[in-house]
Amino acid sequence: IQITDYFHSRLTPELLDYLRKRGLKDESIEKYQLGYFDDSFFEYVKKNNIEKEVEELDVKSLYKRLIIPFFDANGHIISLSGRSMDGSMPKYLHLKGHSNDLLYLFNFAKQSIKEKKEAIVVEGFFDAMIMQQEGYLNTVASSGTHLTDGQAKLLKRVTDNVCMFYD
């Protein structure tokens, strides 16, 4: 999904300030390719003649949200989540077709999980980003209040030891 580069370019000083207040450093904001979906995206889509691709993604549901890319185990962006910035509910939305069996930041964590023979599983995106940023590179997020069977199977491929920290 190349549109993530565009969303990343749309982070305003206010959004950057919000992310920093949440504890993220600029390097993490860049690494995890966080972005924002604003009005200018529609012009970008027309200018680049990608209406069909964007319509297939049904990305419009993430309008006016902080964009959080989801990576597969090999580091390719395969889905997007959007966090409400104005208090609207639900707080998080995922693109149609998003799999609940993904572990957020698994692509960054899998080598460390293998080396440490242990995975740390947290609930949310920001929890995982901050834990990795602070050196706990074997951290992933289930993106919810429970671990799915698919997520457990993914972890089982790399470790038998899992520590879970949910709020």
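The legends below describe close-up views of a predicted model. Residues are numbered from 1 along each chain as its sequence is written, and side-chain values use heavy atoms, with hydrogens and water left out. Because the model is predicted, local features need pLDDT of at least 70 and side-chain atom pairs count only at pLDDT 80 or more, while totals for chains, interfaces and linings use all residues.

**View 1. The antiparallel sheet S1-S2-S3-S4.** Four strands form an open sheet in the order S1-S2-S3-S4, with antiparallel pairing. Strands (E, at least two residues) and helices (H or I, at least four) are DSSP runs, numbered from the N terminus; two strands pair if DSSP finds at least two bridges between them. S1 and S4 are the edge strands, each pairing on one side only. Strand S1 (residues 35–36) pairs with S2 over two bridges in the antiparallel sense, and glycine 35 stands opposite isoleucine 67 in S2. Isoleucine 67 also has a bridge partner in S3, glycine 82. Between S2 and strand S3 (residues 77–84) there are seven bridges, again antiparallel, and isoleucine 68 stands opposite serine 81 in S3. Strand S2 (residues 65–71) is mostly covered, with seven of its seven residues buried. Buried means under 20% relative accessible area, exposed means over 50%, and partly exposed lies in between (1.4 Å probe, protein chains only).

View 2. Five residues lie between the strands in the hairpin of S2 and S3, where glycine 75 takes a positive phi near 90°. Lysine 64 lies in the loop between helix H5 (51–57) and S2. Phi of lysine 64 is near 65°, a positive value in a residue other than glycine, and this lysine 64 is partly exposed, at a relative accessible area of 33%. Proline 90 is found in the loop between S3 and S4. The peptide bond from methionine 89 to proline 90 is cis, with omega near -5°. Most residues other than glycine have a negative phi, and most peptide bonds are trans.

View 3. Three strands form an open sheet in the order S6-S5-S7, with parallel pairing. Its edge strands are strand S6 (139–141) and strand S7 (162–165), each pairing on one side only. Neighbouring strands of this sheet are turned by 25° against each other on average, direction ignored. H7 packs on the sheet and touches S5 and S6, its direction making about 170° with that of S6. Axes are lines fitted to C-alpha atoms, for helices over the stretch in contact, and angles run from 0 to 180 degrees between N-to-C directions; contact means heavy atoms within 4.5 Å. Strand S5 (residues 119–122) and S7 pair in the parallel sense over four bridges, and alanine 119 stands opposite valine 162 in S7.

**View 4. Helix H6 and its covering elements.** The buried residues of helix H6 (residues 106–116) are Phe106, Asn107, Ala109, Ser112 and Ile113. The cover over these residues includes S2, S5, H7, S6 and helix H8 (149–156). Lysine 117 follows H6 and has a positive phi, near 55°.

View 5. Serine 143 is placed in the loop between S6 and H8. Phi of serine 143 is near 60°, a positive value in a residue other than glycine. Serine 143 is partly exposed, with a relative accessible area of 26%.

**View 6. The largest pocket.** The largest pocket has a volume of about 250 Å³. On a 1 Å grid over the protein atoms alone, a pocket is an open set of points where a 1.4 Å probe fits, with protein on both sides within 12 Å along at least five of seven lines; lining residues have an atom within 4 Å of a point. Grid points are joined across faces, edges and corners, and the volume is the space filled by probe spheres set on the points. The lining holds 14 residues, of which Tyr92, Glu123, Gly124, Phe125 and Asp127 lie nearest the centre of the pocket. Strand S4 (92–94) and helix H7 (125–133) are the elements that give two or more residues to this lining. H7 supplies the largest share, three residues. The lining divides into three nonpolar, five polar and six charged residues. Here Ala, Val, Leu, Ile, Met, Phe, Trp, Tyr, Cys and Pro count as nonpolar, Asp, Glu, Lys and Arg as charged, and the others, Gly among them, as polar.
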